[in-house]
Amino acid sequence: MSRALAGLLLGAALVTGVPAPAAAAAPQALRWTECGDSMECAKLTVPIDWKRPYGPKTQVDLARMPARDPARKLGSLVVNTGGGGTIQPVRAMPGVVSELTTWYDVVLIDPRGMGDKGSPTLVECEEQPPGLAGLILAPDEAGWRAHAKAIAAYDASCRKAMGAAYAGLTSWQVAHDIEALRAALGEPRLRYFGNSYGTVYGQAYLELFPAKVGRMVLDGAPDHTRPSLERWLLDYARTEERQLERFRDWCKAGCALGDDDAIAVFDELRDRAPLPAGERTVGEQEFLLGVMSGLTPPLWPRLAAALRKAADGDASDLLTLRPEKPPADEPGYPHGVMLCHDFMPDVPGYREFQAIESRLRAAAPRIGWVHGRYQLARCVGMSKGPAYPPHPLRAKGVPPVLISIGDTDDNTPHLAAEHLAAQVPGARVVRHGDGHAAYLMQSASGLGKTCLRRYVHDYLTAGALPPDGARCPGDLVARIPRG
């Protein structure tokens, strides 16, 4: 895992010219072969750079989950679940999309550099990216330089592993790959379900190939339309600040904090830091990182219990909330490089960021401002490479697109998704009370015909749009145990 990405031009701007679509290649024949888990696999051959369609080639992994009743299927639905790879996660958890085979051949597409297990398209970088907590836990200039050095090593190892194909690591190129897949499938219009980072490819496709758009669902969308890096970070900061309030509101109905107000407990503990934690202490930066990590809804019970324990004199459980790093002997993968090429091809330096951070603190003083460091930690130190920087979306003449926005999604903030939706002509929004990747997570949880899933299925199968102002409950949030 994606959450991305004039007015407030106080921060670093990301504006450059927007590449026009490249000339279309001739449709190619796909050779599907059985590849386990009731899937059929194929490879799509594409130019490394679609601006040079007859230049060097690379390949993209595809997997097809055939429709349950081929005689009644509606066609093909292309799916990208975000978070780097798609095929391997769906193999591990097929229930996230299997119901869609009631109506469609579900065709999974991996982005460049990713791929199925054992596939030559899956690129392994010798170096892992450093953890996203680096700039939070080491906030001084020396920490910034050390983190940038680690990012540069990761980037260099991916550049070496990918060779010439490194030049194709942007969503502009992936959108062209998706168009080539549409043509290869023989579909007159693209039907597409994009989740998380998969929506970035969808945003690019809307702009580059508006006449080829059929039905498109974007769920948990990072906003690729903010030219100002500071304004993009501000959406994260404000959403996270509101997330703390939502956690407090959830806790009022019962949690480990009892009758104590969660924000009051947060304020008191932050002001008291460093906090005792067994044989060590938890400093303010570690405290903020633990709370921020625990604000994703599935972790709310653990966060409440950790705050209770910290208030009682032992903050050690806050250290367990931060994401675990992968084992040191595992490789890195190039999707993190693509994210930087798409969202942060130009990153401010340490001193420039201090001014940005002060304004983030003013807007989101408790916890939201920390997201500035969390997001920049993805790309500080990345070398110059191919770029598809954020820009206002120009998607004229597209049919209605369905966009799902979660109130408790702090991975891809709802403020950013609202900004994106306002730029898609005729887009219809479904708001819901759940967090990130709500459709996939409801599917994986076996929730069946929830409000959100009904809207998505009615749209994909019949083109039926939800009413203006459609809202669904938080079906996943309602199932979170209160401890």
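Is Asp 116 buried or exposed? In this predicted model, Asp 116 is buried at a relative accessible area of 11% (buried means under 20%, exposed over 50% and partly exposed in between, with a 1.4 Å probe and protein chains only). Asp 116 sits in the loop between strand S5 (105-109) and helix H2 (134-137); helices (H or I, at least four residues) and strands (E, at least two) are DSSP runs numbered from the N terminus. Leaving aside residues up to four places away in sequence, Asp 116 touches Cys 41, Asp 61, Ile 87, Gln 88, Arg 91, Asp 110 and Leu 122, a contact being heavy atoms within 4.5 Å.

Residues are numbered from 1 along each chain as its sequence is written. As the model is predicted, local features need pLDDT of at least 70 and side-chain atom pairs count only at pLDDT 80 or more, while totals for chains, interfaces and linings use all residues; side-chain values use heavy atoms, without hydrogens and water.

Turning to salt bridges, the whole structure holds 35 of them, each a side-chain nitrogen of Lys or Arg within 4 Å of a carboxyl oxygen of Asp or Glu. One of them joins Arg 366 to Asp 267, with the closest N and O atoms 2.8 Å apart. Arg 366 belongs to the loop between helix H11 (350-363) and helix H12 (371-376) and Asp 267 to helix H7, so the pair ties together parts 99 residues apart in sequence. Arg 366 is partly exposed at 30% relative accessibility, whereas Asp 267 is buried at 16%.
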